[in-house]
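Colleague: I would like a close look at a single part of this model. Please set out its surroundings as well.

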Amino acid sequence: MGKYNFTALRVRQTALSQFASGKTSKLPQWVDVVSEIPPAETITRTRPFQHQLVRQRLKTVEGSSKPRVVFEVQEKRIKPKKASRLFQPVEIKYEEDQLRREFFRDHPWELARPRVLLESTGKDFENYDWSRIQQPGKRLDGESVVQRQLYLLNTVPNMTKSEAYDQARQEFYRLRLKEDIERRVAAEEAEATGATFGPRHLDMGMEGENQQFERWKKWAQQAAQIIEQRKAALSGAPEIMEEQAVPLEETEEEAPAAAA
Amino acid sequence: MIVRQLAARQGRQFLALRRTPVASRFFSSEIPTPPPMEPVVDTPLPEAEPEKIIEEIVPVAPAEPGQASWKKEATHRHRFNRMGTSMKVAYNPDSLLQNPPKPSDITLELLLASQTHLGHSTSRWNPQNSRYIFGIREGVHIISLDVTAAYLRRAAKVVEEVAARGGLILFAGTRKGQKQSVVRAAELARGYHLFERWIPGSLTNGQQILGHCETKVVNALDEELPDFKADLADRPPLKPDLVVCLNPLENVVLLHECGLNNVPTIGIIDTDADPTRVTYPIPSNDDSLRATTLIAGILGRAGEAGQERRMAMAKEGKTTYEPITAQALRLDPFTGTAPGSEQAKKQN
């Protein structure tokens with residue numbers, strides 16, 4: 001058999017040779033199908049896609065009113081690739097990666113917000129227009145900031161990364177504040193029209209904590225009383241001391257019995 | 001002793017001894033004396049019981065107001081139920097099952113939304129799959145969507161052609177959750193399905209394992225011909241003309257038996273699978289149920305188209321295949337002679 005097993009790829013040749021040698025009396029129905037639609041070559045190695053990071057910027061040129069589009073390509077590595085890694089797939093890089101990393105480094109709690117990853121058609125991006133940060137059918141989140149920042153970098157002349165970041169961020173903060181106010185007003189309206197919200201998770205947690213504290217307080221009072229009693233016994237209440245000494249003696253008596 | 005100084009010295013002390021008591025003392029009430037303490041035995045802090053705490057927390061909202069609010073909410077719901085917005089475009093996870101797309105509907109967006117591009121961790125790759133891989137993202141191999149689309153179209157074409165020639169198609173998907181999609185694909189393509197374990201030897205030792213299974217003879221219009229029932233008694237069990245496997249990693253035995261019996265196979269090849277195990281690989285994610293459901297659905301639709309083509313031709317009295325004759329059916333499958341001819345020879 002060797003290193004590779006090509007039995008599955010050579011079904012047609014096998015069927016033909018079996019028929020020719022008389023092993024089978026009839027050719028199977030699929031023989032002409034497989035000859036019309038041959039299986040693809042599988043293990044030939046091809047050069048993988050070489051991904052390169054390309055940045056698009058608008059720059060104003062002196063003497064002309066129109067800004068010029070400039071594409072910057074990430075510099076190639078000076079060290080050549082190892083021959084053994086020539087056929088290995090390459091890392092896919094996009095400019096957003098860096099922007100995304102920076103945004104979520106500065107806003108780590110944005111990662112704790114629930115996010116919809118599901119798409120029914122895969123064509124949601126067709127409805128998005130990043131000339132504004134809010135998109136129909138998309139919740140405002142960190143990704144919005146990243147995409148808006150990228151749009152600004154690509155389309156506004158002489159835009160720097162930090163300027164674009166600040167602008168996108170400010171728009172984001174303003175909308176988040178608005179969302180908070182909307183949510184509060186909605187809750188107030190709902191309560192005014194008869195809605196009742198049960199105890200919140202925080203309240204339930206506080207309630208549990210209170211109960212635990214009460215339980216501890218009861219135990220602590222008892223423990224404090226015991227300490228007081230011991231002190232009293234030492235300073236002149238021998239009968240309590242004797243009472244407490246009894247179990248100690250018992251254990252001492254039991255110990256040798258157990259050893260024997 | 002100097003008597004002269006006695007009064008001057010000790011008299012002061014004497015006066016200090018006989019100080020008048022504080023007047024406020026008479027107005028204050030009696031000091032509350034604590035009751036005699038009961039001697040208590042030292043007990044450890046009782047252990048918290050989580051189940052109990054939950055039980056204790058629940059009655060925070062008293063039962064009666066809760067009921068009242070629930071009633072209030074119910075009346076509100078009843079009154080305002082028809083008001084407000086309604087969801088028109090919502091993702092229905094069963095739409096891929098109920099109405100799978102046709103091979104002509106394959107788009108890269110559809111494949112992307114169905115997660116067919118997600119491969120395995122780079123350390124688990126099979127280098128034979130390098131030509132299907134687009135790149136590496138977050139330590140995971142990304143399968144090229146256009147390659148997936150091309151191979152899926154090719155596989156769909158094969159299924160359609162085999163179905164049009166009246167071939168038996170077996171859909172096998174033995175992973176958890178693949179049952180529905182496998183059955184649906186088989187239903188569309190009028191094929192057969194396998195969603196539990198492949199019993200090893202079902203092809204190579206079919207006489208023993210599937211010998212008791214029922215077979216039937218049909219005409220070109222798929223109508224059963226009961227007259228030939230008796231002729232099928234000692235025929236070997238049927239073998240599929242095409243096997244579609246949704247999880248080749250777990251069905252190595254099935255694919256090996258297909259190789260031994262010279263049966264063409266179609267399989268979903270993830271980045272950690274061996275593409276040479278199947279005749280027509282479909283490079284795609286085989287761990288996502290959505291991806292496998294999509295691929296099974298597309299292949300099922302292709303089979304449906306092939307079957308429709310075959311039936312349309314059969315109504316015109318034509319077939320794309322060479323039909324078996326009644327005489328050939330009546331022949332003994334082992335000797336190739338007519339039944340009873342052996343006995344006649346012996347008698348002679």
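Colleague: What percentage of the 260 residues in chain A is buried? After that, please look closely at strand 7 of chain B.

Modeller: This is a predicted model, in which local features need pLDDT of at least 70 and side-chain atom pairs count only at pLDDT 80 or more, while totals for chains, interfaces and linings use all residues. Residues are numbered from 1 along each chain as its sequence is written, and chains are lettered from A and ligands numbered from 1 in the order in which they are written.

In chain A, 11% of the 260 residues are buried. A residue is buried if 20 or more other C-beta atoms, placed from the backbone, lie within 10 Å of its own; with 12 or fewer it is exposed, and in between partly exposed.

Strand 7 of chain B covers residues 265-269, and five of the five are buried, so this strand is largely enclosed by the rest of the structure. Helices (H or I, at least four residues) and strands (E, at least two) are DSSP runs, numbered from the N terminus. In a regular strand, side chains alternate between the two faces of the sheet. Here B:Thr265, B:Gly267 and B:Ile269 point one way, B:Ile266 and B:Ile268 the other.

Strand 7 of chain B pairs with strand 6 (residues 242-245) of chain B in the parallel sense, over three bridges; pairing requires that DSSP finds at least two bridges between the strands. Within strand 7 of chain B, B:Gly267 is the residue opposite B:Cys245. Strand 8 of chain B also runs parallel to strand 7 of chain B, joined to it by four bridges, with B:Ile268 opposite B:Ile282.

B:Val244 is among the residues that touch the most other members of the largest nonpolar core, which has 58 residues. Such a core is a set of buried Ala, Val, Leu, Ile, Met, Phe, Trp, Tyr and Cys residues joined through C-beta atoms within 7 Å. Helix 7 (residues 145-164) of chain B gives this core ten residues, the most of any element. B:Val159 touches, among others, B:Leu242 and B:Val244, leaving aside residues up to four places away in sequence; contact means that C-beta atoms, placed from the backbone, lie within 7 Å.

How values were computed:
Two residues are in contact if their C-beta atoms, placed from the backbone, lie within 7 Å.
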